[in-house]
Amino acid sequence: MAFRTLRNCAFLAVFGILFFNSCSRNSDGFTANDDFRYTYPFTPIRLSPDTTIFYLDDYFPDEPVDSFRFPGALQVIKKSEDRIYQLIGNVDMAIDVAIFYTKSGKYEIPIYRSEKVRYTYILPKSIDVKQSVAIKGTFNSWNTLANPFELKDGVYQTTLLADPGTYEYVLVVDGREMTDPENPNIVSNGMGGFNSVLSIESGKSENCGYVEAVNYEDGMLRIKGIKQDQKVIAFFNNQILPENFININPGHVDIVFPLASVRFPRSWLRVFSYSDGCRNNEILIPLAEGRPVNSYSQLTRNDWHATIWYFLMVDRFNNGNPANDQKVDDPEVLPIANYFGGDLKGILQKVAEGYFDSLGVNAIWLSPITQNPTGAWGLWDKGGVRTKFSGYHGYWPVSNVRVDHRFGTAEDLNTLLTTGKKKGYRFVLDYVANHVHQEHPIYQKHPDWATSLYLPDGSLNTERWDDHRLTTWFDVFMPTLDLTRPDIVEPMTDSALVWVRDYGFDGFRHDATKHIDELFWRTLTKKIKLLDRVRRKGDRIYQIGETYGSPELIASYISSGMLDAQFDFNLYDAAIRYFALGGDADLDKLLTTIQTSLKTYGMHHLMGHITGNQDRPRFISLASGDVRFDEDTKLAGYTRKIGKPSREAYLKLQLLTAFNMTMPGIPILYYGDEIGMPGANDPDNRRMMKFSDWDKDEKNTFDLTRRLIALRKEHLPLIYGTTRIYTQNGLLVIERNYLGKKIQVYFNNTPLEQPMPAGRVLLTNSSEGTISPYTFAIIGQ
């Protein structure tokens, strides 16, 4: 097994160099498995502190596994006949490996050791508890039921189980939220209040490093940054390379590419390095016929890392067929909450006109298009404003398989997808699985398929986002389906399958992910993997989820057997606050959040980075001060006109866009952000798209967005590079490196002019020779 340590490896290093640099390398002894279904890297198995549930179908959904072997430190117990196992215990080193033997070959999967520690939190004695006390924070996804207190020796205390790191929290004493009165470390919660901050430290001595691939030459990848005594594992696809493929040298490690790699149009090299204290960042290199990809032109439809998305709300984008317009005829629905007339033909028009071509995006995410009710539902009654709503947004399905007649027909959808795919676009569908509208035939026929609207204490089970996240209803007319039941999961996943199997969508954005049991995600993903277009044609269907919560909760849905990624809302919240307000504390929080994200999701993740979405106020209006972080941003959109932003706000929006375009993950533009459309929260953030009469600020913002997209496509470090984040002279710096090609992005989110760093300026929105206030510069080294 290819575990190589940097200590006492001189003989092996010399032998490796002599063997692999010889002129006659006709055979290297490595046999690569040819089954293309198992070429894309498996996600690591992340251990829990005590017991981990392992699903064999996550990795081998339709192939018998003859045998497997886990590290000796783990006890493996078969849980059921459905190839589900319990892994009891933890591994000693930061990374270990599990081995699987199938008909198609031998495969290895990395195992990440659980780093969680137990931390006892003692409630300050100064707090007088009369009835109840709870603690909620980022360590327990803000769930007041997760860590109950008990009275011991006259004090209230509870045990937290969390990874080492920094966490925000509040106390809930007798139903009232408060910060910890004996903890002076507090930060803004972004809503006018504050959270206390808690640091949990590991008992292990850490020896982590920043590792990067600096060169490829003559079939070898050179890596720097691996420290003495750290171990190295290299994977070709999902097979460990033998030890003699890893050459240890003073100051660097060379990984030899196997000869078999030339047979693969696309394959992957991954390198892990670690010690007992921690694991370094991983290296991921995409290969084309045995050589590292070095041009955007070599990337294919399955390289989702290279996608740049455009998210549009169908009803609010473009009206291509006025004949299907149908507003809800109800005086209680304000015009802003009714249908505007956008439809599938309107999107097709913009595809045909070349709007998306001119912008440069290569993936289009459509809001839900399934049939919604025709009447008025819900109620907003705040601040003197009262309105019901139509289903223009698409999130109240009365069918899971039928196109809403107000958006068009199945033929319209097929035409849109066919036309767009000829232009190279991928299409992602926003899909609602958690709930249905009460008029849905499924609920009418099977009311028992829904969770209970009432909790055992008699209270309504609505909007209980954290403490009852798997059963809560979003509103009294939206029954949540009990997706812990296989008899319900089967037909509901079959309904979702229609859109990728029959229509040809390339992926899903899944609504309300954290409110859905893992059984649904595993069942749907397995069915997708068994589709003919996946098994035989090699298509890779991408799935991204929507979860607000802790990084741990978000990551729990990401695996080879569930979702590819989720939106990183924690990073979005930290980024928009920093770029809008620019405070030192906001910068510190952004840096901490970035590091947490990279550690949790990996250096080469596929997480979504948004400029905005349908549930948040427009960033540009926050940056302009026209909407405040500490107010009811929905009410603001009803009670006052949110007009043209300030000049400075356009620059700050450009900073946010540049940030998303240069970070690892998938950058996503919310429609209208390419020109700086203003707006408060829902529904004011869902205005009709503006395609004409752009003023100078809007034109400049569109042009800069277009240039940022083109730059990301041109420079592979921005897609596959490793990432360092730091500050320099008050500037936020993102540094990306791919095979020695380095790009540095400098963000000047201050009112002071800064000198332009040395290097070749690839793109800037600043004046020549300096980085002006609220501008950026992208430098190639």
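1. Lys 136 and its surroundings. In this predicted model, Lys 136 touches Trp 142, Asn 143, Thr 144, Glu 168, Tyr 169, Val 170, Val 172 and Glu 177, leaving aside residues up to four places away in sequence. Lys 136 sits in strand S10, residues 133-137. Is this lysine buried or exposed? Its relative accessible area is 15%. The cut-off for buried is under 20%, so Lys 136 is buried. Among its neighbours, Glu 177 deserves a separate look. The side chains of Lys 136 and Glu 177 are joined by a polar contact of 2.6 Å.

2. His 604. This residue lies in a loop, between helix H11 (584-601) and strand S34 (608-610). His 604 has a relative accessibility of 11% and therefore counts as buried. Which residues does His 604 touch, not counting those up to four places away in sequence? They are Glu 282, Ile 283, Leu 284, His 305, Tyr 720, Gly 721 and Thr 722. Two of these contacts can be given distances. The side chain of His 604 reaches the backbone nitrogen of Leu 284 at 3.3 Å.

3. Four strands make up an open, antiparallel sheet, in the order S17-S18-S22-S21. Its edges are S17 (212-217) and S21 (246-249), and each of these pairs on one side only. From one strand to the next, the twist averages 25 degrees. S17 runs antiparallel to S18 (residues 220-224), and five bridges join them. Within this pair, Glu 217 stands opposite Met 220 of S18.

4. S21 pairs with S22 (residues 252-256) in the antiparallel sense, over four bridges. Asn 249 has His 252 of S22 as its bridge partner. The two strands form a hairpin with two residues between them. In the turn, Gly 251 has a positive phi of about 90 degrees. Side chains in a regular strand alternate between the two faces of the sheet. What covers the picture for S21 is that both faces are covered. Ile 246 and Ile 248 are buried on one side, and Asn 247 and Asn 249 are buried on the other.

5. The S28-S29 hairpin. Strand S28 (residues 377-382) pairs with S29 in the antiparallel sense, over four bridges. Trp 380 has Thr 387 in S29 as its bridge partner. Two residues lie between the strands of this hairpin, and Gly 383 takes a positive phi near 55 degrees. Which face of S29 (residues 385-389) is covered, and which is uncovered? Val 385, Thr 387 and Phe 389 form the covered face. Arg 386 and Lys 388 form the uncovered one.

6. The five-stranded sheet. Here the order is S36-S37-S38-S42-S40, in an open sheet with antiparallel pairing. The edge strands are S36 (722-728) and S40 (760-764), each pairing on one side only. The twist averages 20 degrees from one strand to the next. S40 and S42 (residues 775-780) are antiparallel and share four bridges. Arg 760 has Gly 780 of S42 as its bridge partner. Helix H15 (residues 696-714) lies across S40 and S42. H15 runs at about 135 degrees to S40.

7. H10 against H14. A pair of packed helices is described by the angle between the axes and the distance between them. What are these values for H10 (residues 569-581) and H14 (residues 647-662)? The angle is about 145 degrees, and the axes are 9 Å apart. The crossing of H10 and H14 is right-handed. H10 contributes Leu 571, Ala 575, Ile 576, Phe 579 and Ala 580 to the contact. H14 contributes Lys 652, Leu 655, Leu 656 and Phe 659. By class, the contact residues are eight nonpolar, one charged and no polar.

Methods:
Residues are numbered from 1 along each chain as its sequence is written. This is a predicted model: local features need pLDDT of at least 70, side-chain atom pairs count only at pLDDT 80 or more; totals for chains, interfaces and linings use all residues. Side-chain values use heavy atoms; hydrogens and water are left out. Axes are lines fitted to C-alpha atoms, for helices over the stretch in contact, and angles run from 0 to 180 degrees between N-to-C directions. A crossing is left-handed if the near helix is turned anticlockwise from the far one by less than a right angle, and right-handed if clockwise. Contact means heavy atoms within 4.5 Å. Ala, Val, Leu, Ile, Met, Phe, Trp, Tyr, Cys and Pro count as nonpolar, Asp, Glu, Lys and Arg as charged, and the others, Gly among them, as polar. Two strands pair if DSSP finds at least two bridges between them. Buried means under 20% relative accessible area, exposed over 50%, partly exposed in between (1.4 Å probe, protein chains only). A polar contact is a pair of N or O atoms within 3.5 Å; within protein, one must be able to donate a hydrogen and the other to accept it, and residues adjacent in sequence count only if both atoms are side-chain atoms.
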